[in-house]
Amino acid sequence: MRFVMWTVTPEPFDSPVAAALWRAYYTEVSDRWYLLHEGRRTDPAELEREIAARSGAELAPPRGRLLVARYDGEPAGSAGVRMLDDTTAELTRVFLYEPMRGRGGAPLLVGAAEDTARALGATRMILDTRGDLVEARTLYTRLGYTETEPHNDDRYAEHWFSKELT
């Protein structure tokens, strides 16, 4: 009998693995937004501009971390943590490649992100997401996050969540 294992480890935000995951994440969430609101996929030039503009440098130590989940050794997803102040961390870029969904990786990624935030000194994790990302909202609620008032003015944020990390 062969056991397939999940692992979650820190990854440099600018590694080839991180770049591939960021491209897949951004393509999916951008395409979902444009298909819902404008009936089209993301313009390729816009996609390239946005990917290049959001390098992920805020996920570099000492105030941030990018975590990569691997399934049977292969990159499968990511989650980012960045400290906003001495006690508040933001969870961002939570993503799993579509074929990896439903296999238990998302709760492992979020749990590892929470552990990372605690290690950085956070006592609270916040995040935002969109209304059309129903799977994300369901996951966060299942993992103990509570919907809150807005904590930022991000153009695409429609739902804000918080969780105490004590």
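Guide: Start with Arg65. Arg65 touches Leu59, Ala79, Gly80, Val81, Thr116 and Leu120, leaving aside residues up to four places away in sequence. Bear in mind that this is a predicted model.

Visitor: Where is Arg65 placed?
Guide: Arg65 is in strand 2. The C-alpha atoms of Arg65 and Glu11 are separated by 7.6 Å, though the two are 54 residues apart along the chain.

Visitor: Why is Arg65 called partly exposed?
Guide: The relative accessible area of Arg65 is 23%. Buried means under 20%, and exposed means over 50%. Arg65 falls in between, so it is partly exposed.

Visitor: What makes Pro62 count as exposed?
Guide: Pro62 has 65% relative accessibility. The cut-off for exposed is over 50%, so Pro62 qualifies. Pro62 belongs to the loop between helix 2 and strand 2. Glu50 is twelve residues from Pro62 in sequence, and their C-alpha atoms are 25 Å apart.

Visitor: What is the confidence in the chain?
Guide: The mean pLDDT is 93, and 98% of the residues reach 70 or more. Confidence is highest in strand 2 (residues 64-71), at 98, and lowest in helix 2 (residues 44-53), at a mean of 85.

Visitor: How many aromatic pairs does the structure hold?
Guide: There are nine aromatic pairs. 

Visitor: Why is the pair of Tyr25 and Phe95 called edge-to-face?
Guide: Check the centres, then the planes. The ring centres are 6.0 Å apart, and a pair needs them within 6.5 Å. The planes stand at 85 degrees, and over 60 counts as edge-to-face. So the pair is edge-to-face. Tyr25 lies in helix 1 (residues 16-38) and Phe95 in strand 4 (residues 88-96), so the pair links parts of the chain 70 residues apart. Tyr25 and Phe95 are both buried.

Visitor: What makes Trp33 and Tyr34 an edge-to-face pair?
Guide: Their ring centres are 5.1 Å apart and their planes are at 90 degrees. Those values meet the limits of within 6.5 Å and over 60 degrees, so the pair is edge-to-face.

Visitor: How do you know whether Trp33 and Tyr34 are buried or exposed?
Guide: Trp33 has a relative accessible area of 15%. Tyr34 has 8% relative accessibility. Buried means under 20%, so Trp33 and Tyr34 are buried.

Visitor: What sits over the ring of Tyr34?
Guide: The charged end of Arg40 does, 4.1 Å from the ring centre. Arg93 lies over the face of Trp22, at 3.5 Å from the ring centre.

Visitor: How do you know that the span of helix 1 agrees with its number of residues?
Guide: At 1.5 Å a residue, its 23 residues should span 33 Å. The end C-alpha atoms are 32 Å apart, which agrees. Gly39 follows helix 1, with a positive phi near 70 degrees.

Visitor: What covers the buried residues of helix 1?
Guide: The cover includes strand 1 (6-11), helix 2, strand 2, strand 3 (74-83) and strand 4.

Visitor: Why are the buried residues of helix 2 placed on the same side?
Guide: They are Glu46, Leu47 and Ile51. They cover an arc of only 130 degrees around the axis, which puts them on the same side of helix 2. This buried set packs against helix 1. The face turned away carries the exposed residues Arg49, Ala52 and Ala53.

Notes: Residues are numbered from 1 along each chain as its sequence is written. This is a predicted model: local features need pLDDT of at least 70, side-chain atom pairs count only at pLDDT 80 or more; totals for chains, interfaces and linings use all residues. Side-chain values use heavy atoms; hydrogens and water are left out. Rings of Phe, Tyr and Trp (its six-membered ring) pair if their centres lie within 6.5 Å; planes under 30 degrees apart count as stacked, over 60 as edge-to-face and the rest as tilted. Helices (H or I, at least four residues) and strands (E, at least two) are DSSP runs, numbered from the N terminus. Buried means under 20% relative accessible area, exposed over 50%, partly exposed in between (1.4 Å probe, protein chains only). A charge sits over a ring if NZ of Lys or CZ of Arg is within 6 Å of the ring centre and within 35 degrees of the ring normal. pLDDT is the predictor's confidence in each residue, from 0 to 100. The expected span of a helix is 1.5 Å times one less than its number of residues. Contact means heavy atoms within 4.5 Å. The arc is that of the directions from the helix axis to the C-beta atoms.
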